[in-house]
Amino acid sequence: MSEPRRLTSRRLFWALTGAVLLWTLFTAGQGWDPLGLLVVTAATLAGAWWTPLWLRPVRWHALPGFGLYFVDRSVRGGVDVAWRALQPTMPLQPQWRVRPLRLPAGGPRSLLVSVISLMPGTLCAELVDDELVVHALAQGLDGELDELERRIARLYALE
Amino acid sequence: MALVLAWGLILMGAGFFLAGTIGLLRFPNVFSRLHALTKADNVGLGLLALGLAILAGSPWVALKLALIWLLALLAGTVSCHLIARYALREQGGREQARP
């Protein structure tokens, strides 16, 4: 089997777009000297080479909604855990939840693991082929996790 | 007015860092401590970045701060998962987590 081509014009185009945007941001639009060009060229080649060959497409119009949901939940997560830490009685009911994994591997699963650890009271400890092991600080957080799975499925057009 | 808002956000952010650290010291085990650290620091850094962006008054700095927050968020949640996974495997893996 031949090695799939990594430096196609399409991949280079997207890597170049990303590199130019990031470099513009880092240098406040002032960095277009020879060093800057060198950095952007290197970043473009590296990006096109190492980006996974197949990325699951995202529904772009669902992205702002997911972003808002994420900010809302992660702020609640921070407030919740700060409140628990500062209460004199420290209300904690640490427990494990083992859940079946429904989302496919790749982007959706990575996103699930990343977001779980920032949501109120949940933390992802283990991810095996068919199961997800979540540590929870309180009871009754399964509904939150179901909701998160539904939203990720919607974001990736999987439902 | 903007100054008051900015400093309010910065102080609130520092408060979250403080609460996260108190949680780190008070919570009973490694998993509960990770909750405190990751979640409180994420919100704390977000508020801090927001306050500093207002103080800086430059869209370039604001965008850079937003990017820093995003990258710290990503690094925080990934390292949290990796530490939790390591700790769980040390304690006997997921069989031990089964109710």
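## Second largest pocket

Helix 2 of chain B gives the largest share of the lining of the second largest pocket, seven residues. Helices here are DSSP runs (H or I, at least four residues), numbered from the N terminus, as are strands (E, at least two). This is a predicted model: local features need pLDDT of at least 70, side-chain atom pairs count only at pLDDT 80 or more, and totals for chains, interfaces and linings use all residues. Residues are numbered from 1 along each chain as its sequence is written, chains are lettered from A and ligands numbered from 1 in the order written, and side-chain values use heavy atoms, without hydrogens and water.

The pocket holds about 230 Å³ of space. Its lining has 14 residues; B:Gly46, B:Leu47, B:Ala49, B:Leu50 and B:Trp69 lie nearest the centre. A pocket is an open set of points on a 1 Å grid over the protein atoms alone, where a 1.4 Å probe fits, with protein on both sides within 12 Å along at least five of seven lines; lining residues have an atom within 4 Å of a point. Eleven lining residues are nonpolar, three polar and none charged.

## Largest pocket

The largest pocket has about 1,600 Å³ of space. Among its 35 lining residues, A:Leu55, A:Arg56, A:Val58, A:Trp60 and A:Tyr156 are closest to the centre. Helices 1, 2, 3 and 4 of chain A and helix 3 of chain B each give two or more residues to the lining. The lining residues divide into 23 nonpolar, nine polar and three charged.

## Salt bridges

Over all chains there are 13 salt bridges (a side-chain nitrogen of Lys or Arg within 4 Å of a carboxyl oxygen of Asp or Glu). A:Arg76 pairs with A:Asp72 at 3.2 Å, N to O. The two are four residues apart in helix 3 of chain A, so about one helical turn separates them.

A:Glu144 and A:Arg73 meet at 2.9 Å, N to O. A:Glu144 lies in helix 5 and A:Arg73 in helix 3 of chain A, so this pair ties together parts 71 residues apart in sequence. A:Glu144 is partly exposed at 25% relative accessibility, whereas A:Arg73 is buried at 17% (buried is under 20% relative accessible area, exposed over 50%, partly exposed in between; 1.4 Å probe, protein chains only).

A:Glu149 bridges to A:Arg99, with the closest N and O atoms 3.4 Å apart. A:Glu149 is in helix 5 and A:Arg99 in strand 1 of chain A, so the pair ties together parts 50 residues apart in sequence. A:Glu149 is buried at 6%, and A:Arg99 is buried at 5%.

Key
Grid points are joined across faces, edges and corners, and a volume is the space filled by probe spheres set on the points. Ala, Val, Leu, Ile, Met, Phe, Trp, Tyr, Cys and Pro count as nonpolar, Asp, Glu, Lys and Arg as charged, and the others, Gly among them, as polar.
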